[in-house]
Amino acid sequence: MEATVPDERPSAEGPATFREVFAQHEFRAVFVAGALSWVGDYVAKAAVTLLVYQQTRSVALSATAFAVSFLPWLLGGPVLAALAERYPYRRVMVTCDLIRMALMLLIAIPALPYQVVLALIFAATLANPPSQAAKSALMPQMLSGDRLVLGLSLNSSIGQAAQVVGYVFGAAVASIDPEVALLFNAATFALSALLVRLGVRDRPASMAPAHRTHLLRETRQGFTIVFGTPVLRSIAVLVFSAMLFSIVPEGLAAAWANEGAKGGLSTGAAQAVIMVANPVGFILGGLLVSRLFGPTRRMKLMRPLAVFAPLALVPALLNPPPLVVALLAALCGFAVAGMLPMANGLFVQALPNGFRARAFGVMATGVQVIQGFAVLVTGLLADRFPIPVVVGLWSAAGVVLMAVATLRWPDRQTVDDAIAEASAANTEAPHSTGRPGKGGTAGAPEPRSDDGHRRHAVT
């Protein structure tokens, strides 16, 4: 049975409600599963970092244990994410959870050499790109219209909340017994796998076996459709530009707290308030903007919020105390979260079904690389110039960049045409062809393969 195609373009209707989104039982299962695994991930980061430090007494190796979780995205995120296109999304998510559960149980073995711990952590995080890509591609199959936008906002917000809760809880538990924190993480993955397996219905793979080519070629097609389609390219530029400056206060928080005026706070407290400010602002911005404003108003707010986000950090030039720095970072996070769900919603609507996981891999990898680049460059600059000057001028450059990005934003008709083209491709093609056609969208549908699978047409 083939589903109909809902109209998911932004309209003048009122915003979706939390009740409407959580009424979808599949979304509830994925939301809770994601929250569990995210909290577990951040608990594990805190635990492994401490575990390695206890063994080696080396700050560098401890930092390596933290950073290794980002390597899979940097080394092969798009390729790993492309795997999610080849198999049913539910199976990918469950399998990745079970793999991570098993590896966390191994890491929790007492007295394991730190070299083995690092290798196992790297192996466990290899499951992150396909799992997150499958989840991202599954979202539009569970929610439609403005419910999709609110669902994306809820997912982003719970990820930020999980970061705060996971780090605090992980640091507390790990200080007593790191192995207990790792066992807790394994348990969250087990529960996540169970929730997804029981709460999400099985769907056929987005890409039928008959249409598979070489994995690297399929990965390249993900880059082609993101950067070869004007609307998708504009969204990618907007998102990447936002990540280029919003991460900087968090990344420089430790040095900023140690070198700057404390405003009556201890160094640790100053670092903490700066680090948690952006996630807190992000949570508030994502929930309030998505809930209070309808789709049409959010579309109009996207560009002003995009420019305001770096503008909020420019007053750092005045070398304010940590609490004011935290307020500026929170305002930046609020603005980014206010425009990001709408951008994400447009992105998934303008994508043909068969490219969603691969496109997510491209975007997620770009976000990781750009955030790392921003912290690295501003950190190097801060070795030569005062941190407030570096952050203030970096953010001022961000205002210019965002202004250019918003001026080049496609008009409403171009956006509507891209969404309509993707919707038409989804309706016509029973299977993903795995090939971009003209303009980066799916090409002409190929004959149905012998396995008889048909795709559920969603935008």
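Modeller: Start with burial: buried means under 20% relative accessible area, exposed over 50%, and partly exposed in between (1.4 Å probe, protein chains only). This is a predicted model, where local features need pLDDT of at least 70, side-chain atom pairs count only at pLDDT 80 or more, and totals for chains, interfaces and linings use all residues. Residues are numbered from 1 along each chain as its sequence is written, and side-chain values use heavy atoms, with hydrogens and water left out.

Colleague: Is Glu-20 buried, exposed or partly exposed?

Modeller: Glu-20 is partly exposed, because its relative accessibility is 35%. Arg-147 also sits at 35%, so the label is partly exposed there too. Leu-148, in contrast, is buried at 0%. Across the chain, 54% of the 459 residues count as buried.

Colleague: And how many salt bridges turn up in the whole structure?

Modeller: The criterion is a side-chain nitrogen of Lys or Arg within 4 Å of a carboxyl oxygen of Asp or Glu. A search of the whole structure gives three. In one of them, Glu-20 pairs with Arg-147, with the closest N and O atoms 4.0 Å apart. Glu-20 is in helix 1 (residues 18-22) and Arg-147 in helix 8, so this pair ties together parts 127 residues apart in sequence. Helices here are DSSP runs (H or I, at least four residues), numbered from the N terminus.

Colleague: What about Arg-100 and Asp-97: how far apart are N and O?

Modeller: Their side chains meet at 2.8 Å, N to O. Both residues are buried. They are three residues apart in helix 5 (residues 89-107), which means a separation of about one helical turn.

Technical notes
Helices (H or I, at least four residues) and strands (E, at least two) are DSSP runs, numbered from the N terminus.
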